[in-house]
Amino acid sequence: MFESLQEGLSGALKTLRGKGKLSEANMREGLGLVQTALLEADVSYPVVKDFVGKVTEKALGEKVLSSLDPSQQVVGIVHQELVDLMGPVDHSLHLKPSTTVLMLCGLQGSGKTTTCGKLGRLLKERERKPLLVAADLQRPAAIEQLHVIGEQLGIDVFSEPGAKDPVAVCQAAVKHAKKIGCDVVVLDTAGRLHIDEELMEQLRQIDRKVEPEQVYLVVDGMTGQDAVNSAKAFNEALELDGVILTKLDGDARGGAVLSVKHVTGVPIKFIGTGEHLDALQEFHPERMAQRILGMGDILTLVEQAQQKFDQDEMAKQEERLRKGEFTLDDYRNMLGQTKKLGPINKIMSMLPGMGNMQEMLDGVDAEGGMKRMGGIIDSMTPEERRLPSKIDQSRRRRIATGAGVEPHEVNELVKQFEPMAAIMKQMAGKGMRDRFKMMQDLQKGLSNPNAKLQKAKVGTGKRLSSAERAKLRKQREKEARRRKRDARRGG
């Protein structure tokens, strides 16, 4: 997410790193590029003006300009100001021991009904018993959609066929929740294509008569400044407790994320990062600032791995690694575990220095590459998966036929495996965070079946002097002239 914003800020900050010594003049030039990058990302102009003003005030201080690495100091200042701009955030849902009511509101198309299901799933994971309420009576499809989501998640859904009054539906839902022992009620209220007084009055009525503990606005993160404007209007009518930004896995430019708290005073509580019902994350300003600056987000990746990886399988693999074992079966399992975290480009965007996925993969079908590698391994015998060095030319042809690939792809996978196995064995005994840092060495191999992981070059321990380098250069030039003469004589 936010590729254009990342590129713009990275380019602006790179101009500062390229200077031998920073002065007030070139510092202002670099910060002007930061301002341009933010405006192009659709960040609100008053927000940009205030943000750049604060960064400039701190960056032009004598302590920064006279430091050993002023450009690094500027990156630190920009990071901290981004954190302050988006935070702080209270992640608590303020759930009571008795029945708690959470109200979701928003415009049509913002992903409100899906978010209702995602929130229900999160509550269920936290060992609460939620009840989802279909109170969007304007759109019958929304009621049906919520019932389908509830069935998928094993969560009760309350609706009243033919009902006309959403306030009565919400009040009846709260009574029903208490009757069946549900301790959190999530209201999926009506939306409109645009803000109007009828919609706002309906929401105010629900707010007054049902008295929800928390009111959250669901906003499409791809709509930029429109998202901020709608947040401002809803907050004036309802006094929001938080914003949930959706569709941040798409082509979101970043304007809404950086503007909404500053303009409305309401923090972003959660972000939706995909269509699946598990794609809802708590919003952490410091982690988002790291992503925006291309520093990755190791903490979120670690948390997701701990939730989604098969812990029993991980323990077994850990034991094998401690014994110095890592086979193609283990590699196949690792591919399967990695898929649980989502698309490869999403994973790599959360690793430091690997945010610009499109440029890195250069159009490679990463997901297809992983499937092909899995197919190749599945076509091997148990002995071949344990000892890939035994795969000769005839075995290679047989495996390729079984997997529906070319023989050279089998050969490339086997060549990749040895350095991968060495890296994996080095991971034994290390913590999850250290492992993800080491995964940066593995990512090209996982995402691109045509990328060959090489063994690390071993240095000779001896640096050539200038005279020795000049002598070698003369020898190469002499050899090149000799080859040209031989070619002319042969012609």
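The model is predicted: local features need pLDDT of at least 70 and side-chain atom pairs pLDDT 80 or more, whereas totals for chains, interfaces and linings use all residues. Residues are numbered from 1 along each chain as its sequence is written, and side-chain values use heavy atoms, with hydrogens and water left out.

Helices (H or I, at least four residues) and strands (E, at least two) are DSSP runs, numbered from the N terminus. Helix α8 covers residues 166-180 and reaches 21 Å from its first C-alpha to its last. Its buried residues (under 20% relative accessible area, 1.4 Å probe, protein chains only) are P166, V167, V169, C170, A173, V174 and A177. Seen down the axis of α8, these residues fall within an arc of 160 degrees (taken from the directions from the axis to the C-beta atoms), so they line one face of the helix. On the other side of α8, K175, K178 and K179 are exposed, that is, over 50%.

The elements below are among those that cover the buried residues of α8.

| Element | Residues |
|---|---|
| β1 | 100-105 |
| β2 | 130-135 |
| β3 | 156-158 |
| β4 | 184-189 |
| α9 | 197-210 |

Just after α8, G181 takes a positive phi of about 85 degrees.

Eight strands form an open sheet of mixed pairing, in the order β3-β2-β4-β1-β5-β6-β7-β8; two strands pair if DSSP finds at least two bridges between them. Since β3 and β8 stand at the edges with a single partner strand each, one side of each is left without a neighbour in the sheet. Strands β5 (residues 214-220) and β6 (residues 242-246) run parallel and are joined by five bridges, with L217 opposite V243 in β6.

Notes
Expected span 1.5 Å × (residues − 1). Contact = heavy atoms within 4.5 Å.
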